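Try each one yourself before reading the solution.

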Amino acid sequence: MAMVPGTQMKMKEAAALLKTRLRPESEEDQKVVQKGLMLYRQGMVHHLKYVGGSIWASVQDVTPVRVYLNFPDPEDSSCTCPAYGFCRHRMAAFFQAYAEIGSVADWVDEWRRPAKESLQAEEWGLQKAKELMKSASGHEKGYTLWTDNFTRSFNEIMLGQGKPNPYVIASLLQTYLRGVRAGAPSSPEWRTLYELIGRIYGFKQLAALTGELEHNSSTVNRYYRYLFDSLEDEIDDGIHSLSVNSLPFDFDEYIEALKDESAGLIDTADLFEYERANLYRMLWSGLFKQNSWREEERERLEAFGEGKRTMAENVALAHHYYLARRDRELFDFLKKLNDTPLSFLFYWLEDLGRQGDNARLGAYIEYMAGQMRPALASMQNHQQARDFTRLALRTAAPFFRNGGREELYEKLLNASLPFSYIEYEDFLFEKGSYEKWGELFTYTSFEYFTVPNDRVKVLQKEAPEVLLPLLHQAADGLILQKNRSAYKQAVRLLKKLRAAYKKLKRTPEWEVYFDKLLEKNKRLRAFHAECERGKLIVEKE
């Protein structure tokens, strides 16, 4: 199907937007573009259709998948594959559509251009790091000495050539981290502690640099927000390595200094409150375990009073209720807050899942299910709500895999509609709740043609009554298109509809319906001709 002029303009806007959303410096995004390009060039995109401001397509990969791509925002899309976020199948469908209005190769070349500048900045940064290594004064110990070196190294690498462009920040930060690893003490325990503190300082310095450069949320999201996630993963690994062993007494100075500085992570309201709160929770869960420290910190946060804490400080206080196993107080506290996103709950869900504490985990999932509707309603767009839903379901999955209550899972799915449609559909179909599945399918206004053939066959055998409204709706929609191709498709569906009525022993209902359908569309001669060709009218007579 050719793209109409109005759709071409929307496609150009979508192409420009997608170019800003995918990061050429991100290895993950590079793979998405590369694999999507490969699927497109191998001719794996089939049945591409333009419906309003969107694309529907099938992509043949290891297993075939269905793709929906929205033009106003390509990331506001879906795919039946299990991948999180914008996947290679959506990329392939985008390339297939974009090829009608422009050069796919040119789009890819323009998208990759910032990566070349990042490589040049990285080469300069490596040279600067080598110079800093030569001037370093060995592996002297001392918390202040270490942190001063980290601060100086970060500033010279990041700002040595003036204010950095946002797309080179990732490369420069990696150079800073290489310098941290290269300058670490040789002893394994001291090396782990040194690198941990170096990464924490890299996190803090990068957050501060963002404010100095006055980068907005859009710029950060595109170019380097993911760096904070990577730093947190590495910091979490370092905390775990230290926590599984008895720490030397010589570490006390460093751990206590980190503990005292942790308040600085959460007292700032900026673009990184979520990341700051998560890092704070990691440190207090894995490193600062003395009960007296935790009680003192909880009392400090409580003393601020309601309405006088940052969002991160509110999450921090809730975390101390969590550490003290005061779950009911945690839930009551969160319910009173108006500005704390539900996504902060995921940290506790993951932690309880790792511990295998199903009793507490069930209570947290119950709370999340009760808060899903207002949380989703507050989100900016469909894609954000869809991504949030997928993350919530994935985070809660260990509870249900380990024998958690099935009805609670369904409650969570129901509360997340329409953004949980794919998971809810799978759940109901696999459970054999075909009637409920049909109601869900109708509720979400999906077309009959999006039902996989294997499911159609199951329904034809097990629950033909579920197919009736779907077939009626699809056939009526095709007839309204008033063209020969649509009439042929409509006749095929009408024959399936007739078979379903026959299996249900409701043939008289079919006859009444078909008579009315012919009468209603008596002026559509081409439709009547297709009915005759398909032997619907002949068999009726």
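**Exercise 1.** Find what Q205 is in contact with, leaving aside its neighbours within four places in sequence, and decide whether Q205 is buried or exposed.

*Solution.* Start with the contacts, meaning heavy atoms within 4.5 Å: Q205 touches T151, F154 and N155. Helices here are DSSP runs of H or I with at least four residues, numbered from the N terminus. Last, Q205 counts as buried because its relative accessible area is 18%, and buried means under 20%, exposed over 50% and partly exposed in between (1.4 Å probe, protein chains only).

A word on the source: this is a predicted model, where local features need pLDDT of at least 70 and side-chain atom pairs count only at pLDDT 80 or more, while totals for chains, interfaces and linings use all residues. Residues are numbered from 1 along each chain as its sequence is written, and side-chain values use heavy atoms, with hydrogens and water left out.

**Exercise 2.** Work out how the axes of α5 and α6 cross and which residues make the contact.

*Solution.* First, the geometry: the axes of α5 (residues 143-159) and α6 (residues 169-182) come within 9 Å and cross at roughly 145°. Axes are lines fitted to C-alpha atoms over the stretch in contact, with angles from 0 to 180 degrees between N-to-C directions. Then list the partners: α5 brings F150, S153, F154, I157 and M158, and α6 answers with I169, L172, L173, T175, Y176 and V180.

**Exercise 3.** How far apart are the C-alpha atoms of E511 and Q384?

*Solution.* Begin with E511, which is in helix α25, residues 507-520. Then go to Q384, 127 residues away along the chain: the two C-alpha atoms are separated by 47 Å.

Note on methods:
Helices (H or I, at least four residues) and strands (E, at least two) are DSSP runs, numbered from the N terminus.
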